[in-house]
Amino acid sequence: MAIYLPDAWRERIDEADRRVCRYCLTVEANSGVRLTYDHITPLSKGGETDFENVCLACSACNEFKADATHAVDPVTGEPVALFNPRAQVWREHFVWSTDTTRIEGVTATGR
């Protein structure tokens, strides 16, 4: 679903996110695929359309996340909130694999 964002908000988000997917760090200029504006907490789950709840996402991350807000941690089996790129620091939850081909979660949120 396309969302309406005023041009000033798009510019603020583009500048803050540097045209990089906030989930997988894909750079729009390198991928050649336009990034989308993603509701971190989906509208269907009570999320708002404001700066703190909208970030840039590549289409793969946006589609994979869909309207999820939680997932089961495969290590503990407990439900955990998904990564919030506006409130959390990527490198505290994820690392690149040693061969730099995969992103690996290092916390329950990252896994």
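This note sets out numbered points on the structure above.

1. Basis of the model. The model is predicted, and local features need pLDDT of at least 70, side-chain atom pairs count only at pLDDT 80 or more, and totals for chains, interfaces and linings use all residues. Residues are numbered from 1 along each chain as its sequence is written, and side-chain values use heavy atoms, with hydrogens and water left out.

2. The largest pocket. A pocket is here an open set of points on a 1 Å grid over the protein atoms alone, where a 1.4 Å probe fits, with protein on both sides within 12 Å along at least five of seven lines; lining residues have an atom within 4 Å of a point. Grid points are joined across faces, edges and corners, and a volume is the space filled by probe spheres set on the points. The largest pocket has a volume of about 480 Å³. It is lined by 17 residues, of which Y23, F64, L82, F94 and G110 are the closest to its centre.

3. Composition of the lining. Helices (H or I, at least four residues) and strands (E, at least two) are DSSP runs, numbered from the N terminus. The largest share, three residues, comes from α3. By class, the lining has 12 nonpolar, three polar and two charged residues. For this count Ala, Val, Leu, Ile, Met, Phe, Trp, Tyr, Cys and Pro are nonpolar, Asp, Glu, Lys and Arg are charged, and the others, Gly among them, are polar.

4. Strands β1 and β2. Two strands pair if DSSP finds at least two bridges between them. Strand β1 (residues 36–39) and β2 run antiparallel and are joined by four bridges; T36 stands opposite A57 in β2. In a regular strand the side chains alternate between the two faces of the sheet. In β2 (residues 54–57) both faces are covered, with V54 and L56 buried on one side and C55 and A57 buried on the other. Buried means under 20% relative accessible area, exposed over 50%, and partly exposed in between (1.4 Å probe, protein chains only).

5. Residue S59. S59 lies in helix α3 and is partly exposed, with a relative accessible area of 30%.

6. Cysteines. With a disulfide taken as a pair of cysteine sulfur atoms within 2.5 Å, the count comes to zero disulfides. C24 is in no disulfide, and the nearest cysteine sulfur, that of C58, is 3.7 Å away. The sulfur of C61 has its closest cysteine sulfur in C58 as well, at 3.6 Å, which is too far for a bond. C24 counts as buried at 15% relative accessibility, and C61 counts as buried at 17%.

7. Salt bridges. Side chains of opposite charge can pair when their charged atoms come close. A salt bridge is counted where a side-chain nitrogen of Lys or Arg is within 4 Å of a carboxyl oxygen of Asp or Glu, and the count comes to eight. One of them joins the side chains of D17 and R86 (2.7 Å, N to O). D17 lies in helix α1 (residues 7–17) and R86 in the loop between β4 (79–81) and β5 (94–96), so this pair ties together parts that are 69 residues apart in sequence. D17 counts as buried, at 1% relative accessibility.

8. Further charged pairs. E28 and R19 meet in a salt bridge through their side chains (2.5 Å, N to O), and both residues are buried. D14, R19, E28 and R34 are linked in a network of salt bridges. E104 forms a salt bridge with R102, with the closest N and O atoms 2.9 Å apart. Here E104 is partly exposed, with a relative accessible area of 30%, and R102 is partly exposed at 45%.

9. Backbone angles. Most residues other than glycine have a negative phi, and most peptide bonds are trans. L25, which is not a glycine, has a positive phi of about 70 degrees. L25 is found in the loop between α1 and α2 (28–31) and counts as partly exposed at 28% relative accessibility. A66, also a residue other than glycine, has a positive phi near 50 degrees. A66 lies in the loop between α3 and β3 and is partly exposed, with a relative accessible area of 45%.
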